Amino acid sequence: MVSFSLEGKVALVTGAAYGIGFAIAQAFAQAGARIAFNCRDEQHLRKALADYEALGIAAKGYIADVTDEAQVRTLVDNVTRDLGTIDILVNNAGIIKRIPMLEMSVEDFRKVVDIDLNAAFIMAKAVLPGMIAKGHGKIINICSMMSELGRETVSAYAAAKGGLKMLTRNICSEFGDRNIQCNGIGPGYIATPQTAPLRERQPDGSRHPFDQFIVSKTPAARWGTPEDLMGPAVFLASDASNFVNGHILYVDGGILAYIGKQP
Ligand code: NAP
Ligand code: GCO
């Protein structure tokens, strides 16, 4: 019997105060997991706790910056104390800075790479010992279409997400024989606060040119929603995917498969 159940599992979803992480944590809770999440901002945390409670989810929330090794150590210790050893880690926390490369400072480039790539290494190192001791574990890295493609203004983000794809494959390679599966989810263009600037109505009330561009480039002819990622995330977190390892599951409405409509 194939099991998509997460009953009895402890899941930590980073950056799950809202957006994609919130939807993934909600899906895990619906599948039976106990939920922990973190973010940096107190107000985000308080609102997220209320939002989870409104859904009947007794999530545990923690303030922790995933780029800070000491804060991550404390985060993992606190989750372990409150819920038990972490079975499932989703490296979801991430930022983007959309700046033309020649105008982007090295500081900005480093900040994006620090959160979107280095933090996944820090988080994985913190949870792997517990997974090894338990004899199983699931790590899911939230990659991106920019793990495969570039575009103007997102050099740091694409470099980080490309690196995250290869970190995913390396964790798979190094820990597969410990019954730890590390996979990625590559969302397409998803309607969250992160992409809100790309969907803003123009002063004349028309749709943002990028909004029109993405919808025309996506076979599904729409933006994705965080809810579109819930099923794929449960699959990769469950025993149903125990022989899936080092895979990036693109949830993109088909955009990576499509050359685009002839003008
Ligand atoms: P979002 O709406 O901007 O949410 C990002 C979350 O991460 C927030 O909860 C934020 O909370 C948290 N966060 C940011 N930096 C953090 C840090 N250093 N430490 C801890 N938490 C941090 O983003 P999203 O659209 O849901 O995206 C989530 C993930 O999916 C990101 O990795 C993103 O790159 C990826 N992704 C998004 C899309 C898309 O189209 N939206 C597509 C592909 C991939 P605080 O600010 O309070 O810390
Ligand atoms: C952008 C977008 C994308 C999405 C996503 C696509 O500016 O191009 O923010 O990067 O966030 O990563 O998969």
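Modeller: What follows goes from the conventions to the pocket and then to the ligand. This is a predicted model, in which local features need pLDDT of at least 70 and side-chain atom pairs count only at pLDDT 80 or more, while totals for chains, interfaces and linings use all residues. Residues are numbered from 1 along each chain as its sequence is written, chains are lettered from A and ligands numbered from 1 in the order in which they are written, and side-chain values use heavy atoms, with hydrogens and water left out.

The space taken by ligand 1 is the largest pocket. A pocket here is an open set of points, on a 1 Å grid over the protein atoms alone, where a 1.4 Å probe fits, with protein on both sides within 12 Å along at least five of seven lines. A molecule sits in a pocket if more than half of its atoms lie within 2 Å of its grid points. The volume of the largest pocket is about 830 Å³, counted as the space filled by probe spheres set on the points.

Its lining, meaning residues with an atom within 4 Å of a point, comprises 40 residues, and N92, A93, G94, I95 and Q194 lie nearest the centre. By class, the lining has 21 nonpolar, twelve polar and seven charged residues, where Ala, Val, Leu, Ile, Met, Phe, Trp, Tyr, Cys and Pro count as nonpolar, Asp, Glu, Lys and Arg as charged, and the others, Gly among them, as polar.

Around ligand 1 there are 30 residues, of which R40, H44, N92, Y157 and T192 come nearest; a residue counts if one of its heavy atoms lies within 4 Å.

Polar contacts are pairs of N or O atoms within 3.5 Å. R40 places a polar side-chain atom 2.7 Å from an oxygen atom of ligand 1. Backbone atoms take part as well: an N or O atom of I190 lies 2.9 Å from a ligand oxygen, and a polar backbone atom of D41 is 3.2 Å from one. Taken alone, ligand 1 exposes 890 Å², of which the protein buries 95%, with areas from the Shrake-Rupley method and a 1.4 Å probe.

How values were computed
Polar contact = N/O pair within 3.5 Å; in protein donor to acceptor, adjacent residues only side chain to side chain.
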